[in-house]
Amino acid sequence: MATLTVTEKTEKLRAAVKLLNEATEQVIKAWEDDESKPIDGSGSAVPSKALYDGRRTVLGTIGIFLELVQEPQARLMEVTHEFYEARALQIAAEARIPDILAEGDPKTGVPIEELSKRTGIKDHKLCRVLRALCSVHIFREVSNNHFANNTVSQVLVGNDPLRAFVLALGYDIYTASTAFPQVLFDPVKTQAETDSVTAFQDAHNTTLTRWDWMEQPEVLPDGTTRPRKELANFTMAMLGGGRVMGPPLYTDFPWADLGQSTVVDVGGGIGGMSLDLAKRYPNLSFIIQDREPVLKQAHAVWSKELPSAIQTERVKFMVHNFFNEEPVKNADVYHMRYILHDWSDDDCVAILSAIRPALGPNSRILISDQVMNTTCGTDAIASAPAPLPANYGYGHRFQNLRDLNMMCLFNGRERTADEFAGLAARSGLKVAKIWEVRGMVSITEMRLADP
């Protein structure tokens, strides 16, 4: 029976409270221990292991409290409306509210009338948007109708890459999600595993994949065309999202031990992760591979942020379709960040199989993607402490949200350790190690099965 008895609920709630108290003290101590540590070059601190574990445990207990304390019907109704919080954040980001608030006095805030004038949004409507965000602790209402940044919203100030990440979800991805239910319930489309039969096509009335759709010019009412804003914004968004989730990848994998190595960034986009690695590890060289339109943006970004790498040819840009055989042979590292999660199993095997002939005996493929746990737990990943779900539940819910996003857009997926092992075996490879880091994304290392 799904309903818990009073005794069972009481025991579970008390266990959650005990766990919360312990994890809270762990976080506080970690704050005190980490206070004097420097911030890394991305502006994000890499948490200590104690802080990382304490954070996700504290957040995980929130889910227990919501399950047990909130009235169930009210909980379900609340979840049905949560997409409005995401829309509110999109509006605030598009209007550059954080930047405007940064110009004001944080003690007195900026009046809604001024925000309305600066953004062109009617005052009481914008006020309600911001108050909804304040209620979930994004922004702060200093006094009635006067707003300021808080510790969360302030990270968007002057942060165009992170702003682009917020907008990327708002521009075309939320629209795609509107067709998600109808595609899953369609007896034919629900069986599809290709990126051309997804909710994206139904929602945007196109037969193109999302990648091809973004590169197709937008036709205006007068018949003229212009590049889609989604393409330029998406590449910037990958830089922004990567810089949020990237620091643990930069520090918890032994990049420095690679010495004078070449990293082939397969499907690297603008090479955001390679750019950050290049700044930290001067001995590494990089080859960024992607489509030509994306590489033009990549060259512009590198020219601005690390021009010396271009001048010394420490970074090179190569047009390459990763379904074709890898042209760079015997490189030390072939790296893919957020690539395989875009694709079905068969497509992933094709991508890995295209790289395999290029591998030398010491080459490795590094895959920066989530490695998923289940709520029941797996042998490959340590489980969360009871009474949390094994995958930390609410504390790691973003992982599952991204998994649904991959399904909606590409019929892709975030994978478990066993699923990565299955891909490797089908591609003539083996999983040598999963590098768990202090963040949501791990590094799965693959090598030749028989070097």
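A residue is called buried when its relative accessible area is under 20%, exposed when that area is over 50%, and partly exposed in between (1.4 Å probe, protein chains only). The structure is a predicted model, in which local features need pLDDT of at least 70 and side-chain atom pairs count only at pLDDT 80 or more, while totals for chains, interfaces and linings use all residues. Residues are numbered from 1 along each chain as its sequence is written, and side-chain values use heavy atoms, with hydrogens and water left out.

**View 1. Two asparagines with positive phi.** Asn411 is not a glycine, yet has a positive phi of about 60 degrees. Asn411 is found in the loop between helix 18 and strand 12 (415-416); helices (H or I, at least four residues) and strands (E, at least two) are DSSP runs, numbered from the N terminus. With a relative accessible area of 13%, Asn411 is buried. Asn205, another residue other than glycine, has a positive phi near 50 degrees and lies in the loop between helix 10 (199-204) and helix 11 (210-215). Asn205 is exposed, at a relative accessible area of 74%.

View 2. The bond from Ala386 to Pro387 is cis, with omega near 10 degrees. Pro387 is found in the loop between strand 11 (371-372) and helix 18 (397-410).

**View 3. Strand 7 and its two parallel partners.** Of the 6 residues in strand 7 (residues 285-290), 5 are buried. Strand 7 pairs in the parallel sense with strand 6 (residues 262-266) over 5 bridges, where pairing requires that DSSP finds at least two bridges between two strands. Val263 stands opposite Phe286 of strand 7. From strand 6 the chain crosses through helix 14 (residues 272-280) to strand 7 in a right-handed β-α-β crossover; right-handed means that, with the strands pointing away from the viewer, the path from the first strand over the helix to the second runs clockwise. Strand 7 also pairs in the parallel sense with strand 8 (residues 315-319), over 5 bridges, and the bridge partner of Ile287 in strand 8 is Lys316.

View 4. Rings of Phe, Tyr and Trp (its six-membered ring) pair if their centres lie within 6.5 Å; planes under 30 degrees apart count as stacked, over 60 as edge-to-face and the rest as tilted. The whole structure holds 11 aromatic pairs. One of them, Trp302 with Phe317, is edge-to-face, at 6.4 Å centre to centre and 80 degrees between the planes. Because Trp302 lies in helix 15 (residues 292-305) and Phe317 in strand 8, the pair ties together parts that are 15 residues apart in sequence. Trp302 is buried, with a relative accessible area of 0%, whereas Phe317 is partly exposed, at 25%.

**View 5. Lysines over aromatic rings.** A charge sits over a ring if NZ of Lys or CZ of Arg is within 6 Å of the ring centre and within 35 degrees of the ring normal. Lys229 lies over the face of Tyr171, at 4.2 Å from the ring centre. Lys433 lies over the face of Trp435, at 3.7 Å from the ring centre.

View 6. Taking a disulfide as a pair of cysteine sulfur atoms within 2.5 Å, the count is 0. The cysteine sulfur closest to that of Cys408 is in Cys348, 18 Å away and therefore too far for a bond. Cys408 is buried, with a relative accessible area of 4%, while Cys376 is exposed, at 73%.
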